[in-house]
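Biologist: I am new to this structure and would like to learn how to read it. Could we go through it feature by feature?

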Number of protein chains: 2
Amino acid sequence: MQAVTFDRVKLGGFWKNRFDINKAVTIPTVYDRFSDTGRFDAFKFEWKEGQPKKPHIFWDSDVAKWIEAVAYTVTLCPDKELEAVVDGVVDLIEKNQGDDGYFNIYYTVCEPENRFTNRMQHELYCAGHLTEAAVAYYKATGKDKFLRLMQKYMDYIEKVFIIEDSASFNTPGHEEIELALVKLYDCTGEKKYLDMSRHFVDTRGTSKKDEDSPYYISHAYDQTHMPVREMKDATGHSVRAVYLYCAMADLALRLGDNSLLDACKRLFRSIADRQMYITGGIGSTAYGERFTEDYDLPNDVAYSETCASIGLALFARRMSLLDSDSVYADIAETAIYNCALAGVSLSGREFFYVNPLEINLERHRKNREYYQRRDNLLTQRVEVFDCSCCPPNIARFIASIGDFLYTYDENTVYVHHYFESEAEFDGIKILQKTEYPNEGEVALSFSGMGGRRLALRIPGWCREFKVNGKSFDGKTVKGYAFVETGDSGKIDVSFKMECRLVAANPEVEADIGRVALCRGPLVYCAERVDNPVPLNNLLVSPELNASVSFDEKMNAYTVEADGFEDGSFDALYRDYKPDFKPRRIKFIPYFAFANRGESDMLVWIRVK
Amino acid sequence: MQAVTFDRVKLGGFWKNRFDINKAVTIPTVYDRFSDTGRFDAFKFEWKEGQPKKPHIFWDSDVAKWIEAVAYTVTLCPDKELEAVVDGVVDLIEKNQGDDGYFNIYYTVCEPENRFTNRMQHELYCAGHLTEAAVAYYKATGKDKFLRLMQKYMDYIEKVFIIEDSASFNTPGHEEIELALVKLYDCTGEKKYLDMSRHFVDTRGTSKKDEDSPYYISHAYDQTHMPVREMKDATGHSVRAVYLYCAMADLALRLGDNSLLDACKRLFRSIADRQMYITGGIGSTAYGERFTEDYDLPNDVAYSETCASIGLALFARRMSLLDSDSVYADIAETAIYNCALAGVSLSGREFFYVNPLEINLERHRKNREYYQRRDNLLTQRVEVFDCSCCPPNIARFIASIGDFLYTYDENTVYVHHYFESEAEFDGIKILQKTEYPNEGEVALSFSGMGGRRLALRIPGWCREFKVNGKSFDGKTVKGYAFVETGDSGKIDVSFKMECRLVAANPEVEADIGRVALCRGPLVYCAERVDNPVPLNNLLVSPELNASVSFDEKMNAYTVEADGFEDGSFDALYRDYKPDFKPRRIKFIPYFAFANRGESDMLVWIRVK
C-alpha cells in the first residue's frame, strides 16, 4: 500500500479555508511569538549567562516544526519571503553546527559539558524535529543544505549512540527521532537511517543503562517499561507514546515486521477502545500529560493535549497503510475535526495546549490554584506558551492535511476521507466535490484508474449511505465499500448526516447519564454564551427535534435541540424535587468553542 | 450552656448494642493488634537499632486513644482486667518519663537528639492524646498517677514552647494538644492549661519560625496560613483542621471570645455547606488526606477518613454548646450514623480508614496501582493499619457517644439526639424510649426539670412531626421545638420517617443526575451482592414505592424500591439507545456496607 502525500492534493472547501488561515495568520503569528521570545535568535548561539531569553531545551524543535509548516505551505502555495526566513535559519544552523555534526542550541550554548547525558532533556527529540523539517524543506524546495546538515548530525548520532555506544543513555526520553529517521530514510534511500530508527525502537525497554540514569523517571512514563513488541496498553506521556507508535508502524510497514504490527494494533485498540475522549483527545491528566487508566476520562480536568491528538491522527494514518480497516480513518477523522482543530482559534491566532471537555468558569475562579497546578488548564486560547509545542504542530498538521486522503495499491484506491479536493498521483486523477464535514454528499470523478477499484470508507458515524442514489449492494469489507469503476467515471456517494446523541460506555464514570450531540464527524458542545444557565442544569431530550443553521464564522452548522432546564438550589443537599422546564438548547461544533470570549462549555450533557 | 457528659447517660437499644460490641470485640481486638505490632511493648523503651518493630512517631497516640476508650467503657461498665492493662502502661510511662517531664517514645528511643525540632512529626499530637487519656482515666477511676505525669509533661511543654520559646517551631504540625489542654484545664481547674491552649491557637499563622522550618509543608495544609480568627474556609488535612476547630470552639466557650466563635461558625459552614459528603465524611482526597475545593466530592476516590468524620462530630457537639441551632446536631447525627459508623464492621473487629461512597471492584482490580497510590483505598475493612489512628478513635467515640445527647442551662434542656437511654444530671432525670434511628417515635419521660423547658431537636431530615399525637403548635427556634413542661411528665414525639431521595447541589459534579436514598438519619447504599448488575446501570424511580424489612445483623432496616436497569455495551462510544428495564433495587444502610464480602457499592445512584 502506498501513501498519497499532501503535495498531490489541491484542497478546496473546508480545508482550503483552514489552509489559507493557517498560511495568512497562524504561520506569521507563530513566527512573531517565537521571535519575541527569542526562539529564532537562539539559533545565533550568542546567548550568554545573565542575559534574558535563555535558550530552552526544546526551542530547536519549536522552530523546526514551524519550518516544517512553512515547507508544506510553500509546496502548495509558493512564498519566497517565507523561504527566505527558513534559509536564514538554515544558514545559522550551518554556521553553528559542530565539526562533528552535533547541533543543539541548549547543549552548545548553555550546558556544553552535558551533551548526551540526560535522556529526559529532549536532545534527540530536537534532532528528530530538525530532521523532519529538513526533509520537508528539501522536498518542498529542492534545496538540500538543511538536509545535508541533518544527515551529518544523524551520522554523528549513529557514531555516539550505536557505533561507540558512548552516550549516558540508550533510548531517547521523548520519542520523535525514530519517526524522523524513517522520513530521512524514505527521502535519501540510505538504509542506515532505517536501521538507526529500528535500533532506537528495539533498544527500548531492554537497556540497563537507561534505568541506571539519574534522570530516569519511570518505566511506563517514557515507554521503556518493556520491549515494544510486548506492549499491550498505551501508557505514559501521551505525545511520547503516539510518536513511538508512529515509528513502530513505519518500521512494521518498511520491514514487513508482523510482531511490530501486532503490537501497533493492540496499542491502537488500547487507545481507541478504552482511553480516548470522544473528541479524539488522549492523555487524561495534567500530571505527566499522560494516559492514566482505562475509562478514566474526566471532562473538566481533561488534559487532551493538542499535540497528542495530532500524534494519534498521525499514528492512525500510518495504520491505514498497514491494515485496511476503516477504524483507523474513523479515529483520525475524530481527532482531526475535534480535538486537533480545537487547538487553534477560528482566527488562526490563538492556541489551546489543553482541550477540556467541560469549562466551568465559576469553579475555575474559585479554585484557580488547583487548576493552575494542573498546567495550562486555560479557558481561553493564547498566542504562545512557555512550552509551545502545540502551535507549530497544528500549523504543520493543517498544512499537510491532504496526507490523510488516499492510499492505493495496484488493485484499489482507498478513499479514507472526504475533502473538497483534486488529487493527482501515479496517473490517477480524483476530484471530490463535497461540503463535508458539513454535508454528507460527495461527488467523485476520477480517471486513470488503470483497472483499480475504489474503496470508499463508510464513516463510523454513518447509519445509512447511498451510492449513485441507491442503497449500496456491493461488497463492504472492514468499513470500506468496494466499487468497481471503469478507467474513468463518476460516483455520487451520500452519507446520511443527522444530529445524533452518543453515549459513553458506562465504565466512563464521568459520562454516566450524559450524552454528546454529534453530527457527521463533528462533536458538539453547549456554551453558556448561547445557553445562559448553568450548563449542568440542562438536559437534552432524546427526541432532539434538532434544527441546524449555518454559521459563517465557524464554517459549520450550529444546532438547536429540545431539552429541559433543571432548577438550581443553594443547599449542599436537599430532598430530590425534579423541576424540569422545557427549553431549546443550542450547540456548536466543539472545534469552535471558546471563540466568543470566556464561557462555560460542556460536551457531555445530561439526558432526560 | 452546660454539657451532659456520657457518664450521666445509661444507653439502651441501638447504642447499647454498639457499646457492647465495642467493649466485647473492638477494644480487645485493637489491644491484640497493637500488641502484635509492638505498640504496647514500645512503652518499655527497650527498642534498639536493628530490631524489628521500630517505634513509630504516632504510636503513643494510638495507645492513648485505646486507653481513652477503656476509660469511657469502664466508667459505664467496670472491668478490673482492662484497668490493670492501663495501669501497666501508666507504670511504664512513669518509669520512662524524663526527669524534666518529657515523654515521647520515638523521640526518646529513636531520635533523642531531635526532640522538638520537627513540627510535622506528631510530638505534641502524642502529648495531647496522652493527656486526653489521662484525664479520661482519672475521671473514670479516680486514679491520678497518669494525670499527674501528663501535668508534669505539659508543664515542661509550657517551659520549652512558651516560657523559653526554645523549640524549633511554635505551633504543632498536627493539632490535638490544643483541645487536650482544655480538657486538662476543665479537669484540674488550673488556668495555665487554658492559657497554653490559647497560646498554641493564637500563635497559628503568625509565627515566622514555623515557616522557616525545613519541615514546613504549606500554609494551608496544617492550618497555619493565617491567624485563626481570619479563617473562612476549612482547608488542609481534614483531621488536623477539625481538631483545631474543636479547640477554637472550646476556647470561645470558656473565654467568651466572640471573634473566635464567628470564625468557628464560618468554618463549620464551609464544611457543612460546601465540603461534606452526604455521609458526614470530609477530606475528599488521599493526597494529603485533605479538603480540596468547594463541591469537589468524588465518590470512588473519596478519602472521607473515619477520624475526620469523628472530628467533625466532636466539633459540631462543641458548637451546640455555643449556638442553639439544630444544624450542629444535624451534622453530628449525619457523621455519627453514616461515615463514622461505617469505620467499623458490624462485628466490631475490622476497620475502614477511608470510607468511599462508591466501590467498583473491576476498576479497582484493573487499576490496582492507582488505587494503592491513593493510600488505603480498600474495599474491605482490616484489623489494623500501619497508621492505625482510626480503630482506637472509633472505639473511644462509641464508648462516649452519650456525650452528644443533651445540653442544658437554667431555662432549657436541649434534646439534641434520640437514643434509647436514661440520663440523670443536676437532679434532672430523662428517659427516652425509642427505636431511633430505625423508627421516629420517641417517648420521653422526665422529672426534676425545676422549671426548665424541653427543646426538642427537629431533625433536618424530618418533614412532619407530632408532639403527643398532634401537630406541634408551639414555638420553634432554629430547629428546636420548645415545649413547656412541668417538673415531671411525659411527652411523645413522633418524627415521620419515610424513605426519601436526596439530591446534591448541581455544583457537585460527581452527583449530577444522581440521588441518594435516605431514611431518617441513615444514608443508604446499593451493594452488588444484593443487586447483581453493574451498579451504575441502575436507576432509581422517583416514585420509589419503597418497602422496608428489618435486618437483625445490621440492626436496621433494608429497603427495596422501584427502579430500572440500563443495558451495558462493549464499545467506548455508541449511539444513545436507552434500554431501561424495570427492576427493584435493594438498599442497605451505608454504615453496614462491605460486611458481606467484597462487593461493588454505590451511594449516589442514577435517577430516572
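Modeller: We can start with what counts as touching: contact means heavy atoms within 4.5 Å. Keep in mind that this is a predicted model.

Biologist: How many residues of chain B are in contact with chain A?

Modeller: On the side of chain B there are 50 such residues, and they meet 50 residues of chain A.

Biologist: How is the size of an interface expressed?

Modeller: Often as the accessible area that is lost when the parts come together. Here about 4,000 Å² is buried between chain B and chain A, with 51% of that area coming from carbon and sulfur atoms. Three residues, B:Leu572, B:Tyr573 and B:Tyr576, supply 20% of what chain B buries against chain A, more than any other three residues.

Biologist: What about charged groups across the interface?

Modeller: Side chains of opposite charge can pair when their charged atoms come close. Across the interface of chain B and chain A, eight salt bridges are found. One of them joins A:Glu509 to B:Arg514, where the closest N and O atoms are 3.8 Å apart.

Biologist: Which element gives the largest share of the side of chain B that touches chain A?

Modeller: That is β15(B), with five residues. By residue type, the side of chain B that touches chain A divides into 24 nonpolar, eight polar and 18 charged residues.

Biologist: How do strands pair?

Modeller: Strands of a sheet pair through backbone hydrogen bonds, either parallel or antiparallel. One case crosses between the chains: β15 of chain A (residues 499–504) pairs with β21(B) in the antiparallel sense, over three bridges. Opposite A:Ala503 stands B:Arg574 in β21(B).

Biologist: How are two copies of a chain related?

Modeller: By a rotation about an axis and a shift along it. In this model, chain B is superposed on chain A by a rotation of 180° with 0.1 Å of shift along the axis, at an RMSD of 0.1 Å. That is the relation of a two-fold axis. In chain B, the C-alpha nearest the axis belongs to B:Gly513, at 3.3 Å from it. Both copies use the same surface, since 100% of the contact residues of chain B recur in chain A.

Biologist: Now within one chain. In what order do the strands of the open sheet of chain B lie?

Modeller: The seven strands of that sheet in chain B follow the order β2-β6-β7-β8-β14-β10-β11, with antiparallel pairing. At the edges stand β2 (9–11) and β11 (470–471) of chain B, each with a single partner strand, so one side of each has no neighbour in the sheet. Inside chain B, strand β8 (residues 441–447) and strand β14 (residues 489–495) run antiparallel and are joined by six bridges. There, B:Ala443 stands opposite B:Asp492 in β14(B).

Biologist: And in chain A?

Modeller: Chain A has an open sheet of seven strands in the order β2-β6-β7-β8-β14-β10-β11, with antiparallel pairing. In chain A, A:Val442 stands opposite A:Val493 in β14(A).

Biologist: How many salt bridges are found over all chains?

Modeller: The search of the whole structure finds 115. One pair is A:Arg396 with A:Glu132, whose closest N and O atoms are 3.1 Å apart. This pair links distant parts of the chain, 264 residues apart: A:Arg396 lies in helix α16 of chain A and A:Glu132 in helix α5 of chain A.

Notes:
Residues are numbered from 1 along each chain as its sequence is written. Chains are lettered from A and ligands numbered from 1 in the order in which they are written. This is a predicted model: local features need pLDDT of at least 70, side-chain atom pairs count only at pLDDT 80 or more; totals for chains, interfaces and linings use all residues. Side-chain values use heavy atoms; hydrogens and water are left out. Buried area is the accessible area (1.4 Å probe) that two parts lose on being put together, summed over both. A salt bridge is a side-chain nitrogen of Lys or Arg within 4 Å of a carboxyl oxygen of Asp or Glu. Helices (H or I, at least four residues) and strands (E, at least two) are DSSP runs, numbered from the N terminus. Ala, Val, Leu, Ile, Met, Phe, Trp, Tyr, Cys and Pro count as nonpolar, Asp, Glu, Lys and Arg as charged, and the others, Gly among them, as polar. Two strands pair if DSSP finds at least two bridges between them. Copies are superposed by least squares on the C-alpha atoms of residues with pLDDT of at least 70 in both.
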